[in-house]
Amino acid sequence: QVQLVESGGGLVQAGESLSVSCVASGIIYSIGVMGWYRQAPGKEREMVATITGSGSAEYADAVKDRFTISRDNAKKTVWLQMNSLKPEDTAVYYCYVDSLVTPRYRYREVWGQGTVVTVSS
């Protein structure tokens, strides 16, 4: 069974930094685009950052120059380093993979369970 397991959320003050990570568990041959989305209370889920297997990254305008996404293909892990956090960054952060190949299946649009990031002012 394939799972995306996130960790690293928590409560920080505005201006501080936090890192979240996500590991894909199970026997996996390859992983496509990995990314992070977030959903704030009362708002729709939005893309934060994505990264391809070759390391090409994209960011939402709201987090450019503050957040950095990275991945290790061998470790099946993606990280999101968040600096200069603002109260408006408060949300549940979800790990996402657009495709994931196992010995039996190709999974599409796999989501983690989410990790809460709270930024106090």
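A: Start with a facing pair: Val-20 stands opposite Leu-80, a residue of strand 9. The model is a predicted one.

Q: What makes strand 3 and strand 9 a pair?
A: Two strands pair when at least two bridges are found between them. Strand 3 and strand 9 (residues 77-82) have six bridges. They therefore pass the criterion of at least two. The sense is antiparallel.

Q: How do you know that strand 1 pairs with strand 3?
A: The cut-off is at least two bridges. Five bridges join strand 1 to strand 3 (residues 18-25). The two are therefore paired, and they run antiparallel. Leu-4 stands opposite Ala-24 in strand 3.

Q: What holds paired strands together in general?
A: Backbone hydrogen bonds link the strands of a sheet, in a parallel or an antiparallel arrangement.

Q: Why are strand 1 and strand 8 said to stand at the edges?
A: The sheet is open, with four strands in the order 1-3-9-8 and antiparallel pairing. Strand 1 and strand 8 (67-72) each have a single partner strand, so one side of each has no neighbour in the sheet. Neighbouring strands of this sheet are turned against each other by 15° on average, direction ignored.

Q: Why is the link between Cys-22 and Cys-95 called a disulfide?
A: The cut-off is 2.5 Å between cysteine sulfur atoms. For Cys-22 and Cys-95 the S to S distance is 2.1 Å. The pair is therefore a disulfide. The count by this rule is one disulfide. Cys-22 lies in strand 3 and Cys-95 in strand 10 (residues 91-101), so named by their DSSP runs. They are 73 residues apart, and the pair links distant parts of the chain.

Q: Why is the disulfide of Cys-22 and Cys-95 called left-handed?
A: The torsion about its S-S bond is about -80°, so the disulfide is left-handed. Both Cys-22 and Cys-95 are buried.

Q: How do you know that Thr-77 is buried?
A: Buried means under 20% relative accessible area. Thr-77 has 6%, so Thr-77 is buried. Its place is in strand 9.

Q: What does Thr-77 touch?
A: Leaving out residues up to four places away in sequence, Thr-77 touches Cys-22, Val-23, Met-34, Ser-70, Arg-71 and Asp-72. Thr-77 and Ser-21 are 56 residues apart in sequence and 7.0 Å apart in space, C-alpha to C-alpha.

Q: What makes the approach of Thr-77 to Lys-75 a polar contact?
A: The distance limit for N or O atoms is 3.5 Å. The side chain of Thr-77 reaches the backbone oxygen of Lys-75 at 2.8 Å. The pair is therefore within the limit.

Q: Why is the meeting of Asp-89 and Arg-38 called a salt bridge?
A: The limit is 4 Å from a side-chain nitrogen of Lys or Arg to a carboxyl oxygen of Asp or Glu. Asp-89 and Arg-38 meet at 2.9 Å, N to O. The pair therefore qualifies. Asp-89 lies in the loop between strand 9 and strand 10 and Arg-38 in strand 5 (residues 34-39), so the pair ties together parts 51 residues apart in sequence.

Q: What makes Asp-89 and Arg-66 a salt bridge?
A: Their closest N and O atoms are 2.8 Å apart. That is within 4 Å, so the label holds. Arg-66 lies in the loop between strand 7 (57-59) and strand 8, 23 residues from Asp-89. Both Asp-89 and Arg-66 are buried. Salt bridges that share partners join Arg-38, Glu-46, Arg-66 and Asp-89 into one network.

Conventions
Residues are numbered from 1 along each chain as its sequence is written. This is a predicted model: local features need pLDDT of at least 70, side-chain atom pairs count only at pLDDT 80 or more; totals for chains, interfaces and linings use all residues. Side-chain values use heavy atoms; hydrogens and water are left out. Buried means under 20% relative accessible area, exposed over 50%, partly exposed in between (1.4 Å probe, protein chains only). Axes are lines fitted to C-alpha atoms, for helices over the stretch in contact, and angles run from 0 to 180 degrees between N-to-C directions. Contact means heavy atoms within 4.5 Å. A polar contact is a pair of N or O atoms within 3.5 Å; within protein, one must be able to donate a hydrogen and the other to accept it, and residues adjacent in sequence count only if both atoms are side-chain atoms.
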